[in-house]
Amino acid sequence: MPQPTQNSAGAKEVSPIVQVESVTKRFPGVVALDDVSLHVRRGEFHAICGENGAGKSTLMKILSGVIPDYEGRVLVRGRPVRFSGTRDAEAAGISIIHQELNLVEQLSSAANIFLGREKTSLGLLDDRAMEREARSLFEQLDCDINPARPVRELRVGDQQLIEIAKALSLESDILIMDEPTSALTESEVERLFRVVARLHEQGVTILYISHKMDEIFRLSDRITVLRDGKLVRTLDRRETSRREVTHLMVGREIESVEFGGGRSAGDPILYVEKLSLPWPGHARQWRLENISFELRRGEVVGLAGLMGAGRTELLECLFGSSDERPQGKIVLDGKEVAFSHPSEAKAARVAMVNEDRKQFGLFAQMNVRENITMCTLDRSTQGGLVSTRRERAAALESIDQLGVRCSGPEAAVTSLSGGNQQKCVIARWLKTDPKVLLLDDPTRGVDVGAKAELYKIIDALCRKGLGIIVTSSELPELITLCDRILVLCEGRLTGQLTRPEFSEQRIMEYATMREVVPSSPPDAAGE
Ligand SMILES: Nc1ncnc2c1ncn2[C@@H]1O[C@H](COP(=O)(O)OP(=O)(O)OP(=O)(O)O)[C@@H](O)[C@H]1O
Ligand SMILES: [Mg+2]
């Protein structure tokens, strides 16, 4: 029998609201869940963690009706259930917010919230009523999203709140969140946490997947660790530590990564002068304004800033993928360039790993091998024909190097877990042997062990003379990786820090500073 305990909401009757009993889920070639048993207490905040491919999303998909076929038993409120779709789960009070958001982009946020259970009046859709209710849900969530606006025009952070609003409107008392913060910036994460904390206080049971220890340790009552599809242990948050959780996740100690030391920058490889990106039809005329900096060979430069600061846009300008043509000067390896398409950037050996792997990075209809080798097909071509054998060898090398968990190079890329998909995108670009590597939040959704691996790879590439520009939604990551950090605020360069000056506090100060510091541009192109 579960013992009554207290959580942050005060004394509560603690009976399991969800019981998972000996659940096994097999996919062709993979056992995603292996005899997993877990009790979730009513009203608790229960974190689920584990490496990429450990089975976290699979377990949550079973609980929310997305995956209907599995071995074993699930009980909700003491009663055995077998959901054949998300509707069944919703009727039982369970809502899920997926790792990859699931909204219909062209519909309004209100229409998304009420999708499939539209409000009608006299047989017609009652948009006004739905918008009214959506607005009141948004108010509860402290956000002022316009309910009539199409979802595609909203930022990811707001899109996520729509999913939460939907869960609220369904009056779900069990909310599953699968890596909800992986696409959010610091301030959006704070907002989300305020909302989640409130739901928790109201007695909503929360199952929360994250790779970020800060989040796991912030609100959790208990923490369950999965490894290789098996449940390793469920721990009381107050009786464990980050170290223990990490250890249980990866089954070994993660060495702390300390880079930057001993690395020395060479000649400038990239020089950017007075780069501006117009923003037509927008009150702020410039999306990026007058940005100058340089990147040297063997140097990792970080781009920090809040959502909308222009980090991704800056990388896009350098990669030839920005919506508008940038103004100003970009000099690559001594030659002025103006890429109008990523293929030109690629030919000049500039590579970019994108923020949004779903839209740009991943080719869902292809397998792992094709995804990894698609930018380097010429190397696998023999007498005009692509040699699958060479492709396989190349793919296997990356799978091994980055620890991609999959059944092999021929596995459909969509069958991979979120973090492992991201590793495939990274692997593809590493293969292009770039001079300049642009990494837009590369470790999003990647587990701690693989992150450490990726840091080592970045460090090694840098020592080989690559110039690397990286953004991250996590400041500690930039602080670990970079030799220098440039801070953007509203499209302008507001600060620059060298390694000895790094601190989260200082970066945040610059990130919220509207004045441009007079000290930029940097040491005059290094000449
Ligand atoms: N539809 C599918 N077809 C085949 N294999 C799958 C499918 N979905 C998941 N898998 C496999 O099941 C295992 C567990 O995947 P799951 O998505 O649950 O991992 P995860 O713990 O959520 O990882 P991540 O942190 O990367 O999101 C992985 O090996 C994955 O490749
Ligand atoms: Mg997952």
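Me: Which share of the contacts with a separation of 6 or more lies between residues 24 or more positions apart?
Reply: Happy to start there, with the reminder that this is a predicted model. Among the protein's contacts with a separation of 6 or more, those linking residues 24 or more positions apart make up 69%.

Me: How does the radius of gyration of the protein stand against that of a compact globule, and what is its value?
Reply: For 527 residues, a compact globule would come out near 24 Å, and the protein agrees with that. Along the principal axes, the C-alpha atoms fill a box of roughly 70 × 55 × 50 Å. The radius of gyration of the protein is 24 Å.

Me: How many helices and strands does the protein have, and what percentage of its residues count as buried?
Reply: The secondary structure comes to 17 helices and 26 strands. Taking the 527 residues together, the buried part is 46%.

Me: What does the domain assignment give, and what distance separates the centres of domain 1 and domain 3?
Reply: The assignment gives domain 1 (6-250), domain 2 (258-349 + 434-527) and domain 3 (355-433). Domains 1 and 3 do meet: nine residues of domain 1 are in contact with eight residues of domain 3. On the domain 1 side of that contact there are two nonpolar, five polar and two charged residues. The centres of domain 1 and domain 3, taken over C-alpha atoms, are separated by 30 Å.

Me: Which residue in the turn between S25 and S26 has a positive phi?
Reply: Strand S25 (residues 484-489) pairs with S26 in the antiparallel sense over six bridges, and leucine 486 stands opposite glutamine 496 in S26. Strand S26 (residues 492-498) is largely enclosed by the rest of the structure, because five of its seven residues are buried. Two residues lie between the strands of this hairpin, and the one in the turn with a positive phi, about 45 degrees, is glutamate 490.

Me: Which residue in the turn between S3 and S4 has a positive phi?
Reply: Eight bridges join strand S3 (residues 16-27) to strand S4 (residues 30-41) in an antiparallel arrangement, with phenylalanine 27 opposite valine 30. The two strands form a hairpin with two residues between them, and the turn residue with a positive phi of about 80 degrees is glycine 29.

Me: What is the bridge partner of glutamate 21 in S6?
Reply: S3 also runs antiparallel to strand S6 (residues 71-76), joined to it by five bridges. In S6, glutamate 21 has as its bridge partner arginine 73.

Me: Is lysine 274 buried or exposed?
Reply: Most residues other than glycine have a negative phi. Lysine 274, which is not a glycine, has a positive phi of about 45 degrees, and its place is in strand S15 (residues 268-278). Because it has 12 C-beta neighbours inside 10 Å, lysine 274 counts as exposed.

Me: What is the phi of aspartate 35?
Reply: Aspartate 35 sits in strand S4. With 14 other C-beta atoms within 10 Å, aspartate 35 is partly exposed. Although aspartate 35 is not a glycine, its phi is positive, at about 55 degrees.

Me: Which residue just after H9 takes a positive phi?
Reply: Helix H9 (residues 311-319) has nine of its nine residues buried, so it is largely enclosed by the rest of the structure. The buried residues include Arg311, Glu313 and Glu316. Just after H9, the residue with a positive phi of about 75 degrees is glycine 320.

Definitions and conventions: Residues are numbered from 1 along each chain as its sequence is written. Chains are lettered from A and ligands numbered from 1 in the order in which they are written. This is a predicted model: local features need pLDDT of at least 70, side-chain atom pairs count only at pLDDT 80 or more; totals for chains, interfaces and linings use all residues. Helices (H or I, at least four residues) and strands (E, at least two) are DSSP runs, numbered from the N terminus. The radius of gyration is taken over C-alpha atoms; the globule rule is 2.2 Å times the number of residues to the power 0.38. A residue is buried if 20 or more other C-beta atoms lie within 10 Å of its own, exposed if 12 or fewer, and partly exposed in between; C-beta atoms are placed from the backbone. Two residues are in contact if their C-beta atoms, placed from the backbone, lie within 7 Å. Two strands pair if DSSP finds at least two bridges between them. Domain bounds come from an automatic or database domain assignment. Ala, Val, Leu, Ile, Met, Phe, Trp, Tyr, Cys and Pro count as nonpolar, Asp, Glu, Lys and Arg as charged, and the others, Gly among them, as polar.
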